[in-house]
Amino acid sequence: MKAIVFKGPKDFEMQEIPMPLCPEEGILVKVEAVGLCGSDIRTFDVGHGKLIPPQVIGHEVAGVIESTGENISDFSVGDKVAVNPIIPCGHCDYCKMGFGNHCQELEFLGTTIPGGYAQYVAIPKVALANDCVIKITNNLPMEQVPLAETTASVICMGVGKGDTVLIFGAGPIGCLHAVIAKARGAKKVIMSEINESRLDLVRRFTSIDVFVDSSQQDVHEIVLAESNNLGVDAAIVACPVGLVQEQAIDMVRKRGRVCFFGGLPINNCHINLNSNRIHYDEIAIYGAFAYAPKDFIEAFHLISEGKVPAAEFVTHILPLKDIAEGIDIIKKGLGIKVVLKPWD
Ligand SMILES: [Zn+2]
Ligand SMILES: [Zn+2]
């Protein structure tokens, strides 16, 4: 089969590799669509701490079951499925606490096990046992399914009713934060983005009230004007930039919340924080990473029922072999979500 093999930072290519076998008590999925995720682009650039090359990466998988292993009763050959790539064991301490994303034996499709930038992907038994495979029973276009993974990662954010929210970074994650914040009753969403063409692209989202071009405008000034001079209730940093994380702390009101959402490159992940602002103004800074199986299921249903406008996010559908072009589109801010098709 054809697959994109990651061999090391800035080194990947399409190769002909053996088709995976159907795992015992697992399933083999023929990949119909796979999302190009910002985290994959970071892996292509600098590698990933939990990944040993060579590896087939890609984790936002939608496909059709090609074959099933033993003792599979809930799924049949031909079923369309969405796959949650964060596969917890279901029995460790974190899994028992409900935080499957921190599972001590976590398998991550496209990182610890081969992923979806390929024509077929093997889904192990543990994924089925922990509700990581969802059957698609309506005619949701397969190109929209990969957005479930991105949505899952933002739905557990603590943004709520009446909040004024500032989001840094108008990529798919930032825009999903805007959609989910509004769905949860946020009063106002301000989007700050440094890339002008990306900012223009996201003007299509009615969930965003104020657009800030941070290359031209003073974000702090606009934040104060939009928040009765207090600062926003919550700031979400949805871009992988340490300087923006530092800046975000000055954007929230006293007792405001700052979420660090985007991971920083592994070789450059230390920042300088204004500790006094955190202490005197009682600022809460917290992280958010990934999701538990129940969050993925909720996210899939938000997409499937049209509550998240997935079609507005998917700006480009390309053959998998053109992945480099997709990466370029995202890096230049010319697209929101790029979805790749391994059989085109
Ligand atoms: Zn992703
Ligand atoms: Zn576990």
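Thr-150, Thr-151, Ser-153 and Val-154 of helix 4 meet Pro-172, Ile-173, Leu-176, His-177 and Ile-180 of helix 5, where two residues are in contact if their C-beta atoms, placed from the backbone, lie within 7 Å. By class, this contact of helix 4 with helix 5 has 5 nonpolar, 4 polar and no charged residues. Ala, Val, Leu, Ile, Met, Phe, Trp, Tyr, Cys and Pro count as nonpolar, Asp, Glu, Lys and Arg as charged, and the others, Gly among them, as polar. The structure is a predicted model, in which local features need pLDDT of at least 70 and side-chain atom pairs count only at pLDDT 80 or more, while totals for chains, interfaces and linings use all residues. Residues are numbered from 1 along each chain as its sequence is written, and chains are lettered from A and ligands numbered from 1 in the order in which they are written.

**Helix 4 and helix 5**

- Two packed helices are described by the angle between their axes and the distance between the axes.
- The axes of helix 4 (residues 147-154) and helix 5 come within 9 Å and cross at roughly 60°; axes are lines fitted to C-alpha atoms, for helices over the stretch in contact, and angles run from 0 to 180 degrees between N-to-C directions.

**The whole protein**

- The protein has 12 helices and 18 strands; helices (H or I, at least four residues) and strands (E, at least two) are DSSP runs, numbered from the N terminus.
- The radius of gyration is 20 Å, close to the 20 Å that the globule rule gives for 344 residues, so the protein is as compact as a globular protein of that length. The radius is taken over C-alpha atoms, and the rule is 2.2 Å times the number of residues to the power 0.38.
- The C-alpha trace spans about 60 × 40 × 40 Å along the principal axes.
- Of the 344 residues, 47% count as buried (20 or more other C-beta atoms within 10 Å of the residue's own; exposed means 12 or fewer, partly exposed in between, with C-beta atoms placed from the backbone).
- Among contacts with a separation of 6 or more, 67% come from residues 24 or more positions apart.

- An open sheet of 6 strands has the order 13-12-11-14-15-16, with parallel pairing; two strands pair if DSSP finds at least two bridges between them.
- Strand 13 (210-213) and strand 16 (284-287) are the edge strands, each pairing on one side only.
- From one strand to the next, the twist averages 20°.
- Strand 11 (residues 164-168) pairs with strand 12 (residues 188-193) in the parallel sense over 5 bridges, and Leu-166 stands opposite Ile-190 in strand 12.
- Helix 5 (residues 172-183) lies across strand 11, strand 12 and strand 14 (232-237), at about 175° to strand 12.
- Helix 7 (residues 219-226) lies across strand 11, strand 12, strand 13 and strand 14, also running at about 175° to strand 12.

**Backbone details**

- The peptide bond from Pro-53 to Pro-54 is cis, with omega near 0°; Pro-54 sits in the loop between helix 1 (38-46) and strand 4 (55-56).
- Lys-10, in the loop between strand 1 (2-8) and strand 2 (11-16), has a positive phi near 60° although it is not glycine. Lys-10 is exposed, with 10 other C-beta atoms within 10 Å.
- Arg-255, in strand 15 (residues 252-260), is a residue other than glycine with a positive phi of about 65°. Arg-255 counts as exposed, with 11 C-beta neighbours inside 10 Å.
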